Amino acid sequence: MTFASLPMILYILPLFTLAAALVPAERRQGVLALGGVTVVWATGGFAAFLLMLLQVSISWLILRLAPKRDGSHHHRADLWLYIGIGVQIVFLILGKLLLTRMLLIPLLFAALQSMECLTLRADRKMSVPALYNYLCYQFDMTRLPSGIVLSFAEAEKLQQNRKITGGMVGSGASKCIRGLFRIVCMALPMYAVVSALTPVTIFDALLKVICFYFMLYHGLGGISRIGQGIAQMLGVLLPDMFRDPILAQSPQEFCERFCTPVYAWSERMLMQHSKHNSAGCFLRLSVLLGGIGLLFGSGTSGLIWGVLAAAVLTHDICRPDHKTRHLPTQLRGLLTALLVLLSMGFLCSGSLTDSFSYYGALIGIAGISLSDTAGYLSRTYLITLLFCAAGMIPLHNQLKRLGTGKLPVRILRAAAELILLLAAYSELLSRYLRT
């Protein structure tokens, strides 16, 4: 079962959302944590559940036993911190061996949150939470699949500021509908194109990398929207996962906009003291992005992507006055988009050899025009490609100018969301019946 499967959408997510809304406030986080456990088990089986549970439990135990940095305990605290980080890496490696790429997302973000807790504990900036509270923090159903990384203090503050209103329930339901449509009707067809297409010509290579980018953007964005929507219906406003990355004018701004909570984590944990130290910044970013590339890419090609991305980001962060800053805004945006798309050739390739074949096709070794397979796929999924491209445009700014509270705009939006919901459920049902 996947996150975008009919049983998950029809039964599991609505059941735990309704249960969390009906139970007393002090039990709500426990219900959401149980929902997160169920989601992990349903999508990844017992192996995913066991890995996640062991990872979170052992990180809490290390957090409980580790001393703070204080005089003679300075080296002991560092040793425990390195042990804790090593444990997270070991579980990520086990996840890479046992699970599929998408199932690694909860494991990765739980590891990032655990590393932050261990670091804050060593720096005497965090007390050890109760095991129950820590499990609720790590297994929160609204954040676990959506990849919204928060510190323990941030998560606690959001829970304390919880406030359920009719407007928040309606807005949360709207986000769930849009997220479901993006996963089912946009990301899954793009996955089919990426899986079926082997680049031969220049336009083949461009088509594959564009579809791969759409798959990532709308897949992760759709899951994130569903998590945000469920949380908002329960009175919690989670931060956005994406902030219009199409508007980015530099690689650093693209990373900040494409995966905002993870970038905020890297700002807090990696780049806080190294923005004036190019070597340190590059080393830290190489470890983070190289590890992500190894997890979600294909071996060496993913690692190369991570190291190259770290080099570009380090130059952008440590050299804020480089020449591209003086170029026109539109040109900087275009160059950033091209750089991002070209770099993804390493991620969308199945191996290092496939990466070389991809870039060989991109420089025109076998011609320019679409191959027969690519032409057939582009014609078949033309409407979906147009929807995916339109979905990247920040239309919410235009809606704000029109006035989202005006009755005609609300009626038009409700009708559009009803169409999106029917289309998503129709596609889900057809996929369920076909399998």
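**Notebook: helices, rings and loops**

I began at P24, which I found in the loop between α1 (6-22) and α2; helices here are DSSP runs of H or I with at least four residues, strands are runs of E with at least two, and both are numbered from the N terminus. I noted that this is a predicted model, in which local features need pLDDT of at least 70 and side-chain atom pairs count only at pLDDT 80 or more, while totals for chains, interfaces and linings use all residues. Residues are numbered from 1 along each chain as its sequence is written, and side-chain values use heavy atoms, with hydrogens and water left out.

**Entry on P24**

I looked up the accessibility of P24 and found it partly exposed, because its relative accessible area is 45%; buried means under 20%, exposed means over 50%, and partly exposed is in between, with a 1.4 Å probe and protein chains only. I then took the C-alpha distance from P24 to L237, which came to 19 Å for two residues 213 apart in sequence.

**Entry on the aromatic rings**

Next I turned to the rings of Phe, Tyr and Trp (its six-membered ring), which pair if their centres lie within 6.5 Å, and whose planes count as stacked under 30 degrees apart, edge-to-face over 60 and tilted for the rest. By this rule I have a count of 16 aromatic pairs. One of them joins F46 and F49, a tilted pair with 6.1 Å from centre to centre and 45° between the planes. Both residues belong to helix α2 (residues 25-65), and because they are three residues apart there, about one helical turn separates them.

I then looked at Y137 and F152, an edge-to-face pair with 5.1 Å between the centres and 75° between the planes. This pair links distant parts of the chain, for Y137 sits in helix α5 (residues 131-138) and F152 in helix α6 (residues 152-160), 15 residues apart. Y137 is buried because its relative accessible area is 4%, and F152 also counts as buried, at 14% relative accessibility.

**Entry on helix packing**

I compared helix α7 (residues 166-196) with helix α8 (residues 202-233) and noted that they pack at an angle of about 155°, with their axes 7 Å apart. The axes are lines fitted to C-alpha atoms, for helices over the stretch in contact, and the angles run from 0 to 180 degrees between N-to-C directions. That angle makes α7 roughly antiparallel to α8, given that angles under 35 degrees count as roughly parallel, over 145 as roughly antiparallel, 65 to 115 as roughly perpendicular and the rest as oblique. I recorded the contact of α7 with α8 by class as 21 nonpolar, 10 polar and four charged residues; Ala, Val, Leu, Ile, Met, Phe, Trp, Tyr, Cys and Pro count as nonpolar, Asp, Glu, Lys and Arg as charged, and the others, Gly among them, as polar.

I also looked up helix α4 (residues 104-122) and helix α11 (residues 278-296), whose axes come within 11 Å and cross at roughly 160°. This crossing angle makes α4 roughly antiparallel to α11.

I found G86 in helix α3 (residues 74-98), where it counts as partly exposed because its relative accessibility is 27%. The C-alpha atoms of G86 and M115 are separated by 9.6 Å, and the two residues are 29 apart along the chain.

In the loop between α4 and α5 I found R124, whose phi is near 65°, a positive value in a residue other than glycine. D244, in the loop between α8 and α9 (251-258), has a positive phi of about 50° although it is not a glycine. At 14% relative accessibility, D244 counts as buried. L247 is found in the loop between α8 and α9, and L247 is partly exposed because its relative accessible area is 39%. Finally, I noted 9.2 Å between the C-alpha atoms of L247 and Q330, which are 83 residues apart along the chain.
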